[in-house]
Amino acid sequence: MKKWDDQQALQIIRNSADSGQVLTHGIRQLVDCFGYVDEIAIDPLAKHFLRSKAEVYGVIQYYSDFRTCAPGRHVLRICQAESCQATGARKLTEYICDKTGITLGQTSKNQRLSLEPVYCLGLCANGPAAELDGQPMAGLNKTKINTLLDRLQS
Ligand code: FES
């Protein structure tokens with residue numbers, strides 16, 4: 001991911017809006033480039049896509065892929081939907097939060113890891129499931145999480 005750049009972000013917004021794309025496309029382009037949508041982009045997004053700032057915030061908050069803060073180097077998204085809950089996702093999430101010292105929606109102080117909730121990754125038959133930097137993982141347990149977190153710290 002690139003470091004946020006106001007001029008590049010504005011160009012992305014303009015290009016997306018001028019090519020007739022919808023607001024979610026413009027936001028997606030920013031997230032793909034920078035990993036998030038900086039607060040400074042809310043006004044230009046609203047202006048170029050002819051929406052209110054509240055609507056822009058609403059779209060960002062609705063989709064779990066969108067965020068307004070820079071993510072950590074790694075993003076671990078843990079499924080919180082029903083099937084994964086039935087296979088222990090809540091307890092595993094608590095375990096991960098205890099191990100990392102951060103809660104869902106937070107990024108570690110060293111900017112190494114962000115924990116985020118996600119609601120179904122299509123791996124329901126083999127939960128608990130998660131996604132690390134876009135790579136799906138299923139059948140998680142404490143042992144697998146320990147291995148994963150050790151790898152992320154090295
Ligand atoms: S409920 Fe977790 S992957 Fe579907």
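**Notebook: loops, sheet and helix contact**

I began with Asp 133, which I found in the loop between S3 and S4; helices (H or I, at least four residues) and strands (E, at least two) are DSSP runs, numbered from the N terminus. I note that this is a predicted model, in which local features need pLDDT of at least 70 and side-chain atom pairs count only at pLDDT 80 or more, while totals for chains, interfaces and linings use all residues. Residues are numbered from 1 along each chain as its sequence is written.

**Entry 1: loop residues**

I looked up the backbone of Asp 133 and noted a positive phi of about 50°, although this residue is not a glycine. Asp 133 counts as exposed because it has 11 C-beta neighbours inside 10 Å; the scheme calls a residue buried if 20 or more other C-beta atoms lie within 10 Å of its own, exposed if 12 or fewer, and partly exposed in between, with C-beta atoms placed from the backbone.

I then turned to Gln 111, in the loop between helix H6 (89-100) and S2, where phi is near 60°, a positive value in a residue other than glycine. Gln 111 is exposed, since 12 other C-beta atoms lie within 10 Å.

In the loop between S2 and S3 I looked up Pro 128, and the peptide bond leading from Gly 127 to Pro 128 is cis, with omega near -5°.

**Entry 2: the sheet**

I traced an open sheet of 4 strands in the order S2-S1-S3-S4, with mixed pairing; two strands pair if DSSP finds at least two bridges between them. Strand S2 (113-118) and strand S4 (135-137) are the edge strands, each pairing on one side only, and from one strand to the next the twist averages 25°. Strand S3 (residues 130-132) and S4 run antiparallel and are joined by 3 bridges; for Glu 131, I found the bridge partner in S4 to be Pro 136.

**Entry 3: H1 against H2**

I looked up how helix H1 (residues 6-18) meets H2, and their axes come within 9 Å and cross at roughly 145°; axes are lines fitted to C-alpha atoms, for helices over the stretch in contact, and angles run from 0 to 180 degrees between N-to-C directions. Among the residues that make the contact are Ile 12 and Ile 13 of H1 and Leu 30 and Phe 34 of H2, where two residues are in contact if their C-beta atoms, placed from the backbone, lie within 7 Å.

**Entry 4: two glutamates**

I placed Glu 39 in the loop between helix H2 (23-34) and helix H3 (42-48), and this residue counts as exposed because it has 10 C-beta neighbours inside 10 Å. Its C-alpha atom is separated by 32 Å from that of Ser 154, 115 residues apart along the chain.

Glu 55, by contrast, lies in helix H4 (residues 53-62) and is partly exposed, with 14 other C-beta atoms within 10 Å.

**Entry 5: the whole chain**

Buried residues make up 25% of the 154 residues.
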